[in-house]
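User: Please take a close look at one part of this model. I want the charged pairing there, and then what surrounds it.

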Amino acid sequence: MDKRKFLSLAACGAAVLPPAFSAQAASRPLRGPALLTVSGLIGVGGNRGALDPALDQMMVKQKIRFDKAQVFDFAALTAMPAVTIKPTLEYDNQAHTLKGPLLMDVMKASGVKVTDRTALFLRAVDGYAAQVNATDAAKYRFIVATHLDGQPMALGGLGPLWAVFDADRFADMAAKPVTARFASCPWATYHIEVKNT
């Protein structure tokens with residue numbers, strides 16, 4: 001990669017992954033169950049076919065539809081470069097350590113071509129959903145958290161995945177009450193639809 005291009009992308013907050021890494025993450029066979037499905041405006045192909053109305057019951061009930069998707073298991077997500085954040089969480093008003101790949105790195109590994117119109121529709125297993133502009137996801141450095149306080153997150157708690165950011169690090173978010181900082185961060189995130197607004 002051209003050094004100037006790398007530095008200009010990094011300065012703009014763009015996710016910068018080596019091309020080989022993105023291709024590896026996208027083409028590697030799954031070693032475990034799919035935990036995250038990315039659909040919509042993804043790259044050519046993806047690694048999963050169309051939604052199966054008989055077997056993808058939760059997605060059908062949540063009115064999700066796709067012809068192709070990129071899916072990630074725990075191993076694929078934890079193989080990506082990880083970022084650690086330490087936000088104060090609304091559930092106990094304490095700072096906790098969360099770790100996982102940048103959301104925009106996951107989008108890049110899915111072949112997403114980000115523009116100023118790109119929006120990410122983040123959906124949790126309970127149906128809660130939030131739309132985040134890709135520009136904000138990059139600005140606030142959202143991660144797809146796989147670990148909480150050094151441990152993999154369990155289903156039934158905040159995991160196994162959580163699209164979240166360190167609200168304490170951004171003045172506009174830190175000024176809000178802690179209970180109002182994470183409306184765009186569905187815990188138990190399992191599906192992301194990429195679309196243009």
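Is Arg181 buried or exposed, and what is its relative accessible area?

Analyst: Arg181 is buried, at 12% relative accessible area. Buried here means under 20%, exposed over 50%, and partly exposed in between, with a 1.4 Å probe and protein chains only. The model is predicted: local features need pLDDT of at least 70, side-chain atom pairs need 80 or more, and totals for chains, interfaces and linings use all residues. Residues are numbered from 1 along each chain as its sequence is written, and side-chain values use heavy atoms, without hydrogens or water.

Now the partner. Arg181 meets Asp168 in a salt bridge, 2.8 Å from N to O. Asp168 sits in the loop between β10 and α7, and Arg181 in the loop between α7 and β11, so the bridge ties together parts 13 residues apart in sequence. Helices (H or I, at least four residues) and strands (E, at least two) are DSSP runs, numbered from the N terminus. Asp168 is partly exposed, with a relative accessible area of 31%. A salt bridge puts a side-chain nitrogen of Lys or Arg within 4 Å of a carboxyl oxygen of Asp or Glu.

The structure holds two salt bridges. Asp56 and Arg48 also meet in one, at 2.4 Å from N to O. Asp56 is buried at 15% relative accessibility. Arg48 is partly exposed at 21%.

Next, the aromatics. Rings of Phe, Tyr and Trp (its six-membered ring) pair if their centres lie within 6.5 Å; planes under 30 degrees apart are stacked, over 60 edge-to-face, and the rest tilted. The count comes to seven aromatic pairs. In one of them, Phe142 and Phe165 have ring centres 4.9 Å apart and planes at 35 degrees, so this pair is tilted. Phe142 lies in the loop between α6 (134-139) and β7 (143-145), while Phe165 lies in the loop between β10 (162-164) and α7 (171-174); they are 23 residues apart. Both are buried.

Trp162 and Phe182 form another tilted pair, 6.3 Å centre to centre with 50 degrees between planes. This pair also links distant parts of the chain: Trp162 belongs to strand β10, and Phe182 to the loop between α7 and β11 (189-196), 20 residues away. Trp162 and Phe182 are buried.
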